[in-house]
Amino acid sequence: MNKITVVGAGNVGATLAQRVAEKELARELVLVDVVEGIPQGKGLDQWESAPVEGFDTRIEGTNDYGAAANSDLILVTAGIARKPGMSRDDLVKTNVEIIKSVSQQIKQGSPDAIVIMVSNPLDVMCWVARQVTGFPRERVIGMAGVLDTARYRSFLASALNVSVEDIQAMVLGGHGDTMVPLVSYTTVAGIPVTQLIDAKKLAEIVDRTRKGGAEIVGLLKTGRHRPDGGSGGPGQEAHPAVLGLARRRIWGERGLPWRAMQAGRQRSGADHRGGVEQGRAGGPG
Ligand SMILES: NC(=O)c1ccc[n+]([C@@H]2O[C@H](COP(=O)([O-])OP(=O)(O)OC[C@H]3O[C@@H](n4cnc5c(N)ncnc54)[C@H](O)[C@@H]3O)[C@@H](O)[C@H]2O)c1
């Protein structure tokens, strides 16, 4: 992609921005927030890590939506987060107003963008964004099922002491306590999970999945703060959706460094595949 914008430079947004940049999902990453200095500081800090992590996505932190104009993809994380004891629906009043104003900016500056909504209550915020932008439904996507499924899979992997990669599962429904982990379609390396975990334990895992967000909020005491701003957490939750879109839509299966490398190879007539570059040949894939 050419440009991805992350709106909201809080705990989710900042982690997400770092993940997007490290995976080089776009040439440019814009991080927008209303609080002066926060997106600029976090964006600069992240960009300075580029030589260490080896990514070339340019990161710009700003309070000005002008920098976000003509984005291909906009990830919306703006708004307040839950405190212990709050439901996602308790955020609705505040976040509706925030998402309305963010959506107006999106409509004005990036009328062709795809929007991935993260802010809660998720299903309502998706509806608000769709109403305000007027975008077709396939361009306003809510991020939650992938997170709920990841939680469910991680709990099962822990219970069975197997790799998360061996757990095939899906959670359907809204992003709330009524979500539906599909137990009868859950398998472990092809074996129905019901043959491996007893019904009582499975019911506990299903319940824990439904309350997964509240469990974390309760532990952190306030929102979803990660002191290191680093791995795990919301950015991790969000990136599969972003990654899938980026792979399919813009760069094909290869990333910017791969292209640059190909161009360099053509110019020099050399084949670098045996060298360091080989490890980068797959780009973000
Ligand atoms: N869908 C999911 O699975 C999922 C997972 C985690 C968190 N969330 C939700 O994501 C949202 C963000 O969570 P967080 O922990 O990052 O919160 P946070 O408080 O750390 O960050 C939110 C940021 O949004 C900014 N903001 C507020 N109004 C804005 C506006 N008009 N334009 C731009 N930025 C604005 C704030 O200044 C703040 O920096 C919350 O609503 C939370 O519930 C959803």
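**Figure 1. The strand pair β10 and β11.** In β11, I191 is the bridge partner of V188. Strand β10, which covers residues 187–188, is joined to β11 by two bridges, and the two strands run antiparallel. They belong to an open sheet of three strands in the predicted model, and the order in this sheet is β7-β10-β11, with antiparallel pairing. Its edge strands are β7 (167–168) and β11 (191–192), each of which pairs on one side only. In general, the strands of a sheet pair through backbone hydrogen bonds, and the pairing is either parallel or antiparallel.

**Figure 2. The protein as a whole.** The protein contains 10 helices and 11 strands. Of its 285 residues, 41% are buried. Among contacts with a separation of 6 or more, 68% are between residues 24 or more positions apart.

**Figure 3. The largest nonpolar core.** This core has 47 residues, and those with the most contacts inside it are A17, L29, L75, V76, V115, M117 and A129. Two or more residues come from each of the strands β1 (3–7), β2 (28–32), β4 (73–76) and β5 (114–117), and from each of the helices α1 (11–22), α4 (92–109) and α5 (122–133). Apart from this core lies another, of 10 residues, which include Y152, F155, A169 and M179. In soluble globular proteins, nonpolar side chains tend to be buried together.

**Figure 4. The surroundings of L29.** Leaving aside residues up to four places away in sequence, L29 touches I4, V6, A17, V20, A21, T57, R58 and I59. L29 is also among the residues with the most contacts inside the largest nonpolar core.

**Figure 5. Residue I116 in strand β5.** I116 is placed in strand β5.

**Figure 6. Strand β3 and its partner β2.** The two strands run parallel and are joined by five bridges. V30 has E60, in β3, as its bridge partner.

**Figure 7. Helix α6.** This helix spans residues 145–160 and has 16 residues. From its first C-alpha to its last it reaches 22 Å, close to the 22 Å expected at 1.5 Å a residue. Its buried residues are L147, D148, T149, R151, Y152, R153, F155 and L156. Of these, Y152 and F155 are among the residues of the core of 10 residues. Just after α6, N161 takes a positive phi of about 55°.

**Figure 8. The shell around the ligand.** The ligand is surrounded by 35 residues, of which G8, G10, V12, A78 and N120 are the closest. Two or more residues of the shell come from each of the helices α1, α4 and α9 (233–249). Which element gives the most to the shell? Helix α4 does, with four residues. By type, the residues of the shell divide into 19 nonpolar, 12 polar and four charged.

Methods: Residues numbered from 1 in each chain as written. Predicted model: local features only at pLDDT ≥ 70, side-chain atom pairs only at ≥ 80, totals over all residues. Core = buried A, V, L, I, M, F, W, Y, C linked by C-beta atoms within 7 Å. Buried ≥ 20, exposed ≤ 12 C-beta atoms within 10 Å, placed from the backbone. Contact = placed C-beta atoms within 7 Å. Pairing = 2+ DSSP bridges. Near = placed C-beta within 6 Å. Nonpolar A, V, L, I, M, F, W, Y, C, P; charged D, E, K, R; others polar. Expected span 1.5 Å × (residues − 1).
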